[in-house]
Amino acid sequence: EEPAGFRDGWNLLKEKEKPRYYAKEGKAPLKQVTNDSPKDTPVTILCGSNMSGKSFFLKNLLYSQLCAQAFGYAPATEGNFRVYDKFVLMERAATDSANNLSAFGAEIKRWIMALEGIGDRTLFMTDESFSTTSPEDQFRLLHGVLRYLRSIGARVMMASHNEEFLLSLSEQSE
């Protein structure tokens, strides 16, 4: 089987090129940045500073996958996409300022619902998960979820700032 992935993908929610009047005088039209997909692996970890594009990339990848699977077209120069039975995107937990003490409980409830009925034909993406708890507990929860997702064969893409989690994964891969 050929590895899944795409080349020169762009975001469907943005104009591919802005009209000429947005460009500086005498310059070509402003173009959207395009990216290739990451290497096809069972688990991909995205790390980097705030505003480095991790969340944007997760959503872009989800939209590209959905378009390819639903319509046979993806916003990319070329690509090979898997067919999945289920897609899950867990975004950073939002806190309710009137109810901050229960933010962690609400996030756990969302996780329980998200993990129901997934299997080896699932694309599971998480963005800064368990950010409503301590870095130490976040590390344990991220590892536990990752172990579970790997055990059932789901494809996983995680964005995280948790230094201990990232360090432990880099040590495992060596």
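## Rings, strands and salt bridges

Q: How many aromatic pairs does the count come to?
A: In this predicted model, two rings of Phe, Tyr or Trp are taken as a pair if their centres lie within 6.5 Å. By this rule, the count of aromatic pairs comes to 4.

Q: Do the rings of F6 and F81 count as stacked or edge-to-face?
A: The ring centres of F6 and F81 are 5.9 Å apart, and a pair counts as stacked if the planes are under 30 degrees apart but as edge-to-face if they are over 60. Because the planes of F6 and F81 stand at 10°, the pair is stacked.

Q: How many residues apart in sequence are the parts that F6 and F81 tie together?
A: F6 belongs to strand 1 (residues 5–7), while F81 sits in the loop between strand 3 (78–80) and strand 4. The pair therefore ties together parts of the chain whose separation in sequence is 75 residues.

Q: Is F6 buried or exposed?
A: A residue counts as buried under 20% relative accessible area and as partly exposed between that value and 50%. F81, at 23%, is therefore partly exposed. F6 has a relative accessible area of 6%, so F6 is buried.

Q: Which residue forms an aromatic pair with Y84?
A: Y84, at 7% relative accessibility, counts as buried, whereas the value of 24% for F87 makes F87 partly exposed. The aromatic pair of Y84 is edge-to-face, with 5.8 Å centre to centre and 65° between the planes, and the partner is F87.

Q: Which residues of strand 5 point the other way from T122, F124 and T126?
A: Strand 5 (residues 122–127) is mostly covered, as 6 of its 6 residues are buried. In a regular strand the side chains alternate between the two faces of the sheet. Here T122, F124 and T126 point one way, and the residues that point the other way are L123, M125 and D127.

Q: What is the bridge partner of L89 in strand 5?
A: Strand 4 (residues 86–90) and strand 5 run parallel and are joined by 5 bridges. Within this pairing, L89 has as its bridge partner in strand 5 the residue M125.

Q: Through which helix does the chain cross from strand 5 to strand 6?
A: Strand 5 also pairs in the parallel sense with strand 6 (residues 155–159), over 5 bridges, and R155 of strand 6 is the bridge partner of L123. The β-α-β crossover from strand 5 to strand 6 is right-handed, and the chain makes it through helix 3.

Q: How many salt bridges does the count come to?
A: Side chains of opposite charge can pair when their charged atoms come close. With the requirement that a side-chain nitrogen of Lys or Arg lie within 4 Å of a carboxyl oxygen of Asp or Glu, the count of salt bridges comes to 7.

Q: Which residue is linked with R7 and E78 in a network of salt bridges?
A: The side chains of E78 and R7 meet in a salt bridge at 3.1 Å, N to O. Because E78 lies in strand 3 and R7 in strand 1, this pair ties together parts that are 71 residues apart in sequence. E78 is partly exposed at 49% relative accessible area, and R7 is partly exposed at 35%. The network of salt bridges that holds R7 and E78 also includes D8.

Q: With which residue does R155 form a salt bridge?
A: The closest N and O atoms of the R155 salt bridge are 3.1 Å apart, and the partner is D40. The pair links distant parts of the chain, 115 residues apart, with R155 in strand 6 and its partner in the loop between strand 1 and strand 2 (43–46).

Q: In which helix does K59, the partner of E91, lie?
A: E91 and K59 form a salt bridge whose closest N and O atoms are 2.9 Å apart. E91 lies in the loop between strand 4 and helix 2 (103–115), so the pair ties together parts that are 32 residues apart in sequence, and K59 lies in helix 1.

Note on methods: Residues are numbered from 1 along each chain as its sequence is written. This is a predicted model: local features need pLDDT of at least 70, side-chain atom pairs count only at pLDDT 80 or more; totals for chains, interfaces and linings use all residues. Side-chain values use heavy atoms; hydrogens and water are left out. Buried means under 20% relative accessible area, exposed over 50%, partly exposed in between (1.4 Å probe, protein chains only). Helices (H or I, at least four residues) and strands (E, at least two) are DSSP runs, numbered from the N terminus. Two strands pair if DSSP finds at least two bridges between them. A crossover is right-handed if, with the strands pointing away from the viewer, the path from the first strand over the helix to the second runs clockwise. Rings of Phe, Tyr and Trp (its six-membered ring) pair if their centres lie within 6.5 Å; planes under 30 degrees apart count as stacked, over 60 as edge-to-face and the rest as tilted.
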